Amino acid sequence: MSSDVRFTDFKSDQQPTWCPGCGDFGTMNGMMKALANTGNDPDNTFIVAGIGCSGKIGTYMRSYALHGVHGRALPVGTGVKLANPELEVMVAGGDGDGYSIGAGHFVHAVRRNVDMSYIVMDNRIYGLTKGQASPTSRDDFETSTTPEGPQQPPVNPLALALASGATFIAQSFSTDAQRHAEIVQEAIEHDGFGFVNVFSPCVTFNDVDTYDYFRDSLVDLAEEGHDRTDYDAAKEKILDASKEYQGVVWQSEKSIPYGEKRGLDTDMSQVDDGAPEGAMDLVREFY
Amino acid sequence: MPADFNWAIGGEAGDGIDSTGKIFAQALSRAGRHVFTSKDFASRIRGGYTAYKIRTAVDPVQSVVDRLDVLIALTPRTIEENRDELHEGSVIVYDGERTTMANVEIPDGMVGLDVPLKRLAEEAGGAIMRNVVALGAACQVSGFPIENLDSALEKRFASKGQALVDNNKEAARNGKEYVAEEYDVDLGYELETTDNDYVLLNGDEAIGMGALAAGCKFYAGYPITPATDVMEYLIGRIERFGGHVVQAEDELSAINIALGAARAGARSMTATSGPGIDLMAETFGLVATSETPLVVVDVMRSGPSTGMPTKQEQGDLNMLLYGSHGEIPRFVLGPTTISECFWKTVEAFNLAEKYQTPVYVAADLSLAVTEQTFSPETFDMDDVEVERGKVVDEESIEAWQNEKGQFEPHALTDDGVSPRAFPGTVEGAHMSTGLEHDELGRRTEDTGMRVEQVDKRTRKVETAREDENWEPREFGDPDADTLVISWGSNEGPMTEAIGMLETEGIDLRFLSVPYLLPRPDLTDAVEAAERVIVVECNATGQFADIVEHDTLSRVDRINKYDGVRFDADELAAEIEARLQEVPQ
């Protein structure tokens, strides 16, 4: 790893096709800053991206990356990290990718607690398919596929994470550049699964959960004296539907990542030229 | 007396049928006899008919036959289920003190041995050993030295302490002695032993062992019958070689975790059955488009939908060849024997990495759950080759960078194969994606590049078709008028059927096809034959369709889709009957 990595080294030569003003610009900048600040470089970093506007992020960043199928980014990141623990693995996706089609994987990735970070660009809408309700849309949010609103409560991703045994839960706001980058950095530095739900507004299709809405309603936990290691306090904040919080809500002091528990510490890409030593013992076992 | 001996134990699921059968198979194998086993089992934990059958001989055995010499019947239904296979002089061992067996009727001409299995087991230390008492009784009637059973009991129970081993040995002796004292039967069976060393394993285990031999260090899977044994084999062993197994939350996750590990450079695999292949189909396309080497094992079972989960079928062929949207370069290998499950898995890893392409290994339930004996040299690890293809390192990567110094993971090459840089390789950072992409891995909808990338991926399969071996396995008389073609586990019964038909004066040429895509060109063989019969375990003749398509000919079909594998004499009779029909 070179020590003089700048965050712009993580930029690819591709121009984002996100709408002007999209929250994903800020989300991505914060991710790049956090990666650079934690001593990573593009050659030791693996970004996994899902499908949707957010899924394009892998294209706009420079690193090893896989842009996978819809909703399965977390399993891919899991495989990458376990097979080579030396890599910095960051999974990025949106609220549809993570909390709808990929919700099952979210629960189990949280449980597994693999040492990687998961950054969700939550705009509470399906943008790339031009404005349908997402799992985090409000229950009265009218869209082309939900003319009277979804009429079901939005998923609370932080609560879902907490119920699944998360060891790190945070929320940030893409336009609060410094705080967002700090929070993502903490997710990277966390020993285990670092989950950040990022309010990343859609300026084209969501006229409810806007920049103004988040600016007006956001409460920073750092300014509230919140103790992130206090489980009950975290639970209270997470279940408080009256406010939108920014900051690290919960961090377990007892987190032991999946790989560490199982002694996975080597790069599995190296293979012998023939059958590994001791392979004939496998045959003898069947005697 | 025939050269082979056929034995079975049957009862309800939960009766310990499987482990008892395995102990006897192990005993026979350790005594230097060849063994071929077959399981009838139900998809439930308790209840329902289940049986474990063993065919054994001094010479190799490749199939079950429809003859049963000794049957241990724990339930009346066991006798009913096997009625057609029992013959005059067959021995039925049962416990008349068991309420359900008290009034059991032994068919005419057969020898019923009423042995108080439970009581004799209790005398040795516990009723749970009643099946071992039955094994002792089986030793007595089959003329098999009980010392060989001891060796298998030691292997099975050693980890649970010497006392339990001794109790089991005593239970077996109680059974043997009871029969010797109470019954004056000499059926003339004499199961001779040899000094040969054999190993006994099933197809799932062979696949798992093949993966380890090939340097597979990563497995992600979700339990499903009949593929779970692959995962259970690897756990506890893969760690010795620096690898790891992940139990995923579903098959969607399993293939994506395995894909992630493969992107990181590990030799990676998942195994499942048809329903899992359905779920994995979308990601299979991503694996191919991102040019990731991945081995996906399909241990086929009876479908569609949940079908008959514990029954044999070869119904997934079309899905493996054509499944997932769009057009996907792929290899499909189909092991035809248990030992080939090992070798085809090794081959699958090499093909996957050399061509950066997903490889299906299509096994079937009959291979997966059947235990068979082999000499250890069958799995000579010195013969295992590992070929990783065009992997670049920090120095060689320079040759694959564009003028801006960017690495080209999807470079357009003559053979279609591009360089591969494992993450962590300096100057190798790149994107891979399921989107159509350019040489750098950046998405593109440029018409020219689209065509070039499709052609390049297709070209990999064409290169492999030229450079690799895709030959069928040949048996029988190469000049015979009748050609039989099959794939998968049918090879075993077919090779035995050839011998049976030969004694009837019918000569056959038999081609067993282990490569389903690419596959051998069978045109000459089909044209040279007067009659061509394709044998497979499905209803519609999926492989027969392919043979007709490839060779522009019509073929006869023998299809079995009742959930039960072919046995050798059944197959011989089917072929004989077919040959007596006037060709259409």
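The dialogue below covers the interface, a strand pairing and the cores.

Modeller: This is a predicted model, in which local features need pLDDT of at least 70, side-chain atom pairs count only at pLDDT 80 or more, and totals for chains, interfaces and linings use all residues. Residues are numbered from 1 along each chain as its sequence is written, while chains are lettered from A and ligands numbered from 1 in the order in which they are written.

Colleague: How many residues of chain A are in contact with chain B?

Modeller: Two residues are in contact if their C-beta atoms, placed from the backbone, lie within 7 Å. Here 49 residues of chain A meet 61 residues of chain B.

Colleague: Which element supplies the largest share of the side of chain A that touches chain B?

Modeller: Helices (H or I, at least four residues) and strands (E, at least two) are DSSP runs, numbered from the N terminus. H3(A) gives the largest share, eight residues.

Colleague: Which strand of chain B pairs with S2(A)?

Modeller: Strands pair if DSSP finds at least two bridges between them. S2(A) pairs with S17 (residues 431-433) of chain B, in the parallel sense over three bridges. Within S17(B), Ser432(B) is the bridge partner of Leu66(A).

Colleague: And the cores?

Modeller: In soluble globular proteins, nonpolar side chains tend to be buried together. A nonpolar core is a set of buried Ala, Val, Leu, Ile, Met, Phe, Trp, Tyr and Cys residues joined through C-beta atoms within 7 Å; buried means 20 or more other C-beta atoms within 10 Å of a residue's own. The largest has 255 residues, and Phe195(A) and Val297(B) are among those touching the most other members. H12 (residues 338-355) of chain B gives the most to this core, 10 residues.

How values were computed:
A residue is buried if 20 or more other C-beta atoms lie within 10 Å of its own, exposed if 12 or fewer, and partly exposed in between; C-beta atoms are placed from the backbone.
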